[in-house]
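Here is a short report on one protein model. Look at the sequence and the structure first, then read on.

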Amino acid sequence: QVQLVESGGGLVQAGGSLRLSCAASGRTFSLSHMGWFRQGPGKEREFVASIRWSGFSTNYADSVKGRFTISRDNAKNTVYLQMNSLKPEDTAVYYCAGRDVGRGEYNYWGQGTQVTVSS
């Protein structure tokens, strides 16, 4: 099992920045990918960004390309989401997720952290 704990959410004005952190513990050696998802008010959960646990391959949703950057520090078992040029439509609960090697879907989820962007 892998446990994920997010931190770093908060309230920010449009145009501002926030950095989310996701600390992983447990059987992290089983992970292939880590990702960030979000769920806005009245919306379904959507993919934001992902990164390989080993390696440097990243992937982003079109809506955040050029503004958000996902990175990781394997020594700290932590994944980050740097969010710049934030917009009110980025307001959501952000979830960290992990995916085991050989699985097609993310099977570990954090509790979520609220990000609110005011206009």
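## A loop residue to start with

Where is the place of K76? K76 sits in the loop between strand 7 and strand 8. This is a predicted model, and that holds for every value in this report. K76 is exposed, with a relative accessible area of 56%. Now look for R99. K76 and R99 stand 23 residues apart in sequence. In space, their C-alpha atoms are 18 Å apart.

T28 is another loop residue, found between strand 3 and strand 4. Is T28 buried or exposed? T28 counts as buried, because its relative accessibility is 10% and the cut-off for buried is under 20%. Which residues does T28 touch, once neighbours within four places in sequence are left aside? T28 is in contact with V2, W53 and N77.

## The overall fold

What secondary structure does the protein have? The protein has zero helices and 11 strands. Read from the N terminus, the elements run β-β-β-β-β-β-β-β-β-β-β. The radius of gyration is 13 Å, close to the 14 Å that the globule rule gives for 119 residues, so the protein is as compact as a globular protein of that length. Along its principal axes, the C-alpha trace spans about 40 × 25 × 25 Å.

Next, consider the surface and the contacts. The protein exposes about 6,100 Å². Carbon and sulfur atoms supply 46% of that area. Buried residues make up 48% of the 119 residues. Take the contacts between residues at least 6 apart in sequence: 54% of them join residues at least 24 apart.

## The nonpolar core

The largest nonpolar core has 29 residues. Which of them touch the most other members? They are M34, W36, L81, M83 and Y94. Strand 3 gives the most, with four residues.

Leave out residues up to four places away in sequence, and Y94 still touches a list of others. The list includes W36, L81 and M83, which are named with Y94 among the core residues that touch the most other members.

## The disulfide

How many disulfides does the structure hold? It holds one. The disulfide joins C22 to C96, with 2.0 Å from S to S. C22 lies in strand 3 (residues 18–26) and C96 lies in strand 9 (residues 92–100), so the pair ties together parts that are 74 residues apart in sequence.

The disulfide also has a handedness. The torsion about the S-S bond is about -75 degrees, so the disulfide is left-handed. C22 is buried, and so is C96.

## The salt bridges

Side chains of opposite charge can pair when their charged atoms come close. How many salt bridges does a search of the whole structure find? The search finds four. One joins the side chains of R38 and E46, at 2.6 Å from N to O. R38 is buried, with a relative accessible area of 5%. E46 is partly exposed, with a relative accessible area of 35%. Another salt bridge joins K65 and D62, at 3.2 Å from N to O. D62 is exposed, at 65% relative accessible area.

A further salt bridge joins R67 and D90, at 2.7 Å from N to O. R67 lies in the loop between strand 6 (58–60) and strand 7 (68–73), and D90 lies in the loop between strand 8 (78–83) and strand 9, so the pair ties together parts that are 23 residues apart in sequence. R67 is buried, with a relative accessible area of 10%. D90 counts as buried too, at 0% relative accessibility. Which residues are linked in a network of salt bridges? R38, E46, R67 and D90 are linked in this way.

How values were computed
Residues are numbered from 1 along each chain as its sequence is written. This is a predicted model: local features need pLDDT of at least 70, side-chain atom pairs count only at pLDDT 80 or more; totals for chains, interfaces and linings use all residues. Side-chain values use heavy atoms; hydrogens and water are left out. A disulfide is a pair of cysteine sulfur atoms within 2.5 Å. Helices (H or I, at least four residues) and strands (E, at least two) are DSSP runs, numbered from the N terminus. Buried means under 20% relative accessible area, exposed over 50%, partly exposed in between (1.4 Å probe, protein chains only). A nonpolar core is a set of buried Ala, Val, Leu, Ile, Met, Phe, Trp, Tyr and Cys residues joined through side-chain atoms within 4.5 Å. Contact means heavy atoms within 4.5 Å. The radius of gyration is taken over C-alpha atoms; the globule rule is 2.2 Å times the number of residues to the power 0.38. Accessible areas come from the Shrake-Rupley method with a 1.4 Å probe; for residues, only the protein chains shown count as cover.
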